[in-house]
Amino acid sequence: MFRHTGQPKDYQKTKSKQGSGIGSEGEEDLQEMKGKTRNKELQKPRSEGIALEGELEVVVSPPFVFLPVVKNLLRSDFQIAAQNCWVRKGGAFTGEVSAEMLVNLGVPWVILGHSERRLILNESSEFIGDKVAYALSMGLKVIACVGETLEQRESGSTMAVVAAQTNAIAERISHWSNVVIAYEPVWAIGTGKVATPAQAQEVHFELRKWLQDNSGAEVAASTQIIYGGSVNGANCKELAAQPDVDGFLVGGASLKPEFIDIIKSATVKKN
């Protein structure tokens with residue numbers, strides 16, 4: 001994930017939070033993570049690698065078992081995120097990863113509500129809202145994913161779906177300062193399809209308006225809304241230029257050299 005924070009205007013906040021370019025693919029094995037030339041830019045010292053302008057943030061999200069390794073390999077100004085965590089304090093939940101474990105590992109971010117968790121593992125919006133609330137209570141920062149399926153988009157219910165998903169979070173938290181909303185149209189994740197810049201902007205605008213109407217103007221202005229769904233080096237600049245797109249949640253492209261181009265697209269709104 002990567003995001004870049006700018007100056008607020010109103011609920012149409014233009015913060016290019018392209019500091020949240022989260023690389024969250026799990027197919028790469030440990031050797032690839034450690035040795036691929038394409039990832040070397042992320043390991044270089046700050047003085048030698050890509051320069052992060054302003055408040056640009058880059059967060060990398062490998063599978064859980066690789067978190068300590070990747071955390072040690074990353075340059076010091078890049079952050080790390082887990083791809084999921086459990087909904088409450090530890091107990092007899094074999095195989096789950098608790099928020100406390102992530103805190104103990106020094107992992108500051110966690111992704112919650114990804115479409116695969118919703119659709120394949122049947123996590124409800126209410127369950128995800130509980131997970132977000134608990135992770136925040138443990139001091140973690142959260143990238144909360146929302147998004148519609150192709151069937152829901154074609155039926156005209158996109159905003160009703162993402163509003164309900166967002167509302168399930170809003171009902172359970174008292175502040176948004178450590179939450180980033182990631183809009184990921186399910187039909188565009190890993191398919192090669194991508195929402196047009198106009199489609200992405202429309203949903204981001206409506207989400208920000210929803211925040212203003214339901215959580216207040218300050219929350220709407222300060223909350224980062226990033227886009228995920230087949231983002232790559234070829235389409236990132238046009239997407240990044242949209243006024244309400246604050247950054248990206250990046251999948252497969254985060255494992256390729258073009259991830260650097262995606263990070264650099266954070267400067268589009270400045271030019």
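Student: OK, what is the average pLDDT of the protein chain?
Tutor: This is a predicted model, and the chain averages a pLDDT of 85. Of the residues, 80% score at least 70.

Student: Where does pLDDT stay under 50?
Tutor: Over residues 4–38. For that stretch the model has 154 contacts beyond four places in sequence.

Student: Now the overall build. How many helices and strands are there?
Tutor: The protein chain has eleven helices and eight strands. It counts 271 residues, and 53% of them are buried.

Student: Let's pick a helix. What covers the buried residues of helix 5?
Tutor: Helix 5 covers residues 125–137. Its buried residues include Ile128, Val132, Tyr134 and Leu136. Among the elements covering them are helix 3, helix 4 and helix 7, along with strands 4, 5 and 6.

Student: How far apart are the end C-alpha atoms of helix 5?
Tutor: They are 18 Å apart, and 13 residues at 1.5 Å a residue should span 18 Å, so the two agree. After the helix comes Gly139, with a positive phi near 90°.

Student: Next, helix 8. How many residues does it have?
Tutor: Helix 8 has 19 residues and reaches 26 Å from first C-alpha to last, close to the expected 27 Å. Just after it, Gly216 has a positive phi of about 105°.

Student: Which residues of helix 8 are buried?
Tutor: The buried ones include Val203, His204, Leu207, Arg208 and Leu211. On helices in general, there are 3.6 residues a turn, so residues three or four places apart point the same way.

Student: Arg208 is charged. Which residue does it meet in a salt bridge?
Tutor: Its partner is Asp244, at 2.7 Å from N to O. Arg208 is in helix 8 and Asp244 in the loop between helix 10 and strand 8, so the pair ties together parts that are 36 residues apart in sequence. Both Asp244 and Arg208 are buried.

Student: How many salt bridges does the count come to?
Tutor: Nine. One of them joins Asp77 and Arg75, with the closest N and O atoms 2.8 Å apart, and both residues are buried. Another salt bridge is between Arg153 and Glu148, also given as 2.8 Å from N to O. Arg153 and Glu148 are buried as well.

Student: Last topic, cysteines. How many disulfides are there?
Tutor: The count is zero.

Student: So are Cys85 and Cys236 buried or exposed?
Tutor: Cys85 has 1% relative accessibility, so it counts as buried. Cys236 is buried too, with a relative accessible area of 0%.

Technical notes: Residues numbered from 1 in each chain as written. Predicted model: local features only at pLDDT ≥ 70, side-chain atom pairs only at ≥ 80, totals over all residues. Heavy atoms only, no water. Helix = DSSP H or I, 4+ residues; strand = E, 2+ residues; numbered from the N terminus. Buried < 20%, exposed > 50% of the residue type's maximum accessible area, 1.4 Å probe, protein only. Salt bridge = Lys/Arg side-chain N within 4 Å of Asp/Glu carboxyl O. Expected span 1.5 Å × (residues − 1). Disulfide = S-S within 2.5 Å. pLDDT = per-residue confidence, 0-100. Contact = heavy atoms within 4.5 Å.
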